[in-house]
Amino acid sequence: MNLLRIRGVILQSLFYLRHSLEDLIDTFFWPSIDVIIWGFITTYFIQLKGPVAGIVAFLLGGLILWNIVWRAQQDISMALLKNIWGKNIINLFSTPLTPWEFITATMILGFFKIILTISLVAAIAFVLYSFNLFSLGLYLLPFFVSLIAFAWAAGIFITGLIIRYGMRIQAFAWSLIILFHPISAVFYPVSVLPPFLQKIALLLPTAHIFEGMREVLGTGTLSSEHLIWAFALNVIYLIFSAWFFTFMFEKAREKGKIAKVEI
Amino acid sequence: MDNISFEIEKGEILGLLGPNGAGKTTTIMMLLGLIKPTRGTVKVFGLDFCSNREKILNKINFSSAYTSLQGRLTVSENLYTFSYFYGISHPAQKIKTLLEDFELVDLKNQITGNLSSGELTRLNLCKALINDPQLLFLDEPTSSLDPDIAQKVRELLFKIRQERNISILYTSHNMEEVTQMCDKVIFLDNGKIVASDTPLNLTKMIRDCLLTLTFDTPLKKVKELCLSKNLNFQIPQPNVLEITTQEKEIGQLLTQLAQEGVNIADIIIKKPDLEDVFLKITRQKYESIKN
């Protein structure tokens, strides 16, 4: 790993961000709008005066934490896509830059972008709906680490697919992670899922984190079981995605796909 | 690619020619490590590519008409990015010099996506020289340019070669350009080297010249004369005769025609060029497929 080259990729992404309105919209606008809309919906639920105790915290907490997964995954996959769209991929990988230096740079930049995004949406949720994300206390830290680890694993996996199969599967960069949304129990407990989906859900670190989040918001404590499961699963997914990406990159080199990744 | 090996001397421009699909771009991509050979090894500077990737890529660079730099970034932002990839110690000074050399100073804050083809080619060349490479791969660098800009780029490349003594591997479909630019040429076909020599020696593979004569003698007489002398000829227009013959026989042939009363008004001799060599090679391939 060469730090200067990692800095080069980060610099390229920052330059891109400076000239790209859609990047700024993706980073700040959509998450803010999400929080505002869901905030109004929960306010409406409260006005119905039903058994909706704690619904603001559950929904907004879930929404803000899901944004970590969604944005962090997209940051990794989109960094590659932007270079493919710019016909820059051959130039990029014909330098001494290695694929893992590229991925590492996108992870570092993504981390800081997520901090900014989450800070913004947390501030909006606090000002408009009096929801304090930091009411999760110190648990917020392992939740954040765990969610970002899963997002990176997914992002690395999807990037491997794109480098191997090219632009025809580019939509995976912004859609594949959504497949995990319904079974991650973001807005509802795992118990509401059909039994077979519950088993699948518990194989995802996200489901454990969101179950944990509801436990903390509801009771103020957290059984360590969810955190242990989430971390253990993340280790497995990260190792698998790292192997998968390396395997796919080598396959793409064998098949000459990097030179034709725009197709 | 099938077991190819070639050498480029320091400061030499080596042309890589061949029909579409011959393996020109694949060769360059393999030398850049972007395509992995199914068998065998790739060696550059005598070093195995797999175990010396970083060392090799630090000493080479690449420019192609078919790739671009990040269109959203400005000219200097793109160059800054690449200076980090190559670990350039004083990027600002290096970029300033390159922009001056390639007359891009006024465009340094221009968005790359807004550049014209000629400007983009010059920017690609700036990128290709940012690490002072010892070996430069140029994949059809002038293919999307108008003749005037293409000529300017060729002059620029000559200047670069002279000033920096860089070895260049050059692919192009423009045979005239290759003849003008390259010290040596390799013809590739089906992944194999089928010919390798200087452009002059390669054209000597084809002995026949095309002799075009404009005459004001009755057509019938000229035709009978050509048949009687068993010439390989065509009459594309009523007063134009095209004869395919060896260069050394042209003088004698013209004398004979004059002695037989053919009144020759104009003579054009087209010696074989690389395009003829190219056509010969591709036709041989076509014939072999047909048979």
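User: A salt bridge is a side-chain nitrogen of Lys or Arg within 4 Å of a carboxyl oxygen of Asp or Glu. In this predicted model, which side chain meets that of Lys36(B) in a salt bridge?

Analyst: The model is predicted, so the distances in it are computed ones. The pair in question has its N and O atoms 3.2 Å apart, and the cut-off is 4 Å. The partner of Lys36(B) is Glu250(A).

User: How many salt bridges are there between chain A and chain B?

Analyst: Over all chains, the count comes to 20 salt bridges. The contact between chain A and chain B also holds 18 residue pairs in polar contact, both residues being at pLDDT 80 or more. For salt bridges between chain A and chain B, the count is 5.

User: How many residues does each chain give to the contact, and what is the area buried between chain A and chain B?

Analyst: Chain A gives 34 residues and chain B gives 30 residues. Carbon and sulfur atoms give 59% of the buried area. That area is about 3,100 Å².

User: Which three residues supply more of the area that chain A buries against chain B than any other three?

Analyst: The area buried between the two chains is about 3,100 Å². Of the area that chain A buries against chain B, 20% comes from one set of three residues. They are Asn91(A), Pro96(A) and Arg253(A).

User: Which element gives the largest share of the side of chain A that touches chain B?

Analyst: Between chain A and chain B there are 18 residue pairs in polar contact. The elements of chain A that give two or more residues to this side are helix H1 (3-19), helix H3 (55-85), helix H4 (89-93) and helix H10 (224-255). The largest share, 11 residues, comes from H1(A).

User: How do the residues of the side of chain A that touches chain B divide into nonpolar, polar and charged?

Analyst: Chain A brings 34 residues to the contact, with H1(A) giving the largest share. By type, the residues of this side are 12 nonpolar, 13 polar and 9 charged.

User: How far apart are the closest N and O atoms of Arg154(B) and Glu177(B)?

Analyst: Arg154(B) and Glu177(B) form a salt bridge. Arg154(B) is in helix H6 (residues 147-164) and Glu177(B) in helix H7 (residues 175-181) of chain B, 23 residues apart. Both Arg154(B) and Glu177(B) are buried. The closest N and O atoms are apart by 2.4 Å.

User: Which residues of chain B are in contact with Phe93(A)?

Analyst: Neighbours within four places in sequence are left aside. Within chain A, the contacts of Phe93(A) include Leu80(A), Phe102(A), Ile163(A) and Phe249(A). From chain B, the residues are Leu32(B), Leu34(B), Arg53(B) and Leu57(B).

User: What is the relative accessible area of Ile6(A)?

Analyst: Ile6(A) lies in helix H1 of chain A. Not counting residues up to four places away in sequence, Ile6(A) touches Met1(A), Glu101(A), Thr104(A), Ala105(A) and Ile108(A). Ile6(A) is buried, with a relative accessible area of 6%.

Definitions and conventions
Residues numbered from 1 in each chain as written. Chains lettered and ligands numbered in written order. Predicted model: local features only at pLDDT ≥ 70, side-chain atom pairs only at ≥ 80, totals over all residues. Heavy atoms only, no water. Contact = heavy atoms within 4.5 Å. Buried area = accessible area lost by both parts, 1.4 Å probe. Polar contact = N/O pair within 3.5 Å; in protein donor to acceptor, adjacent residues only side chain to side chain. Helix = DSSP H or I, 4+ residues; strand = E, 2+ residues; numbered from the N terminus. Nonpolar A, V, L, I, M, F, W, Y, C, P; charged D, E, K, R; others polar. Buried < 20%, exposed > 50% of the residue type's maximum accessible area, 1.4 Å probe, protein only.
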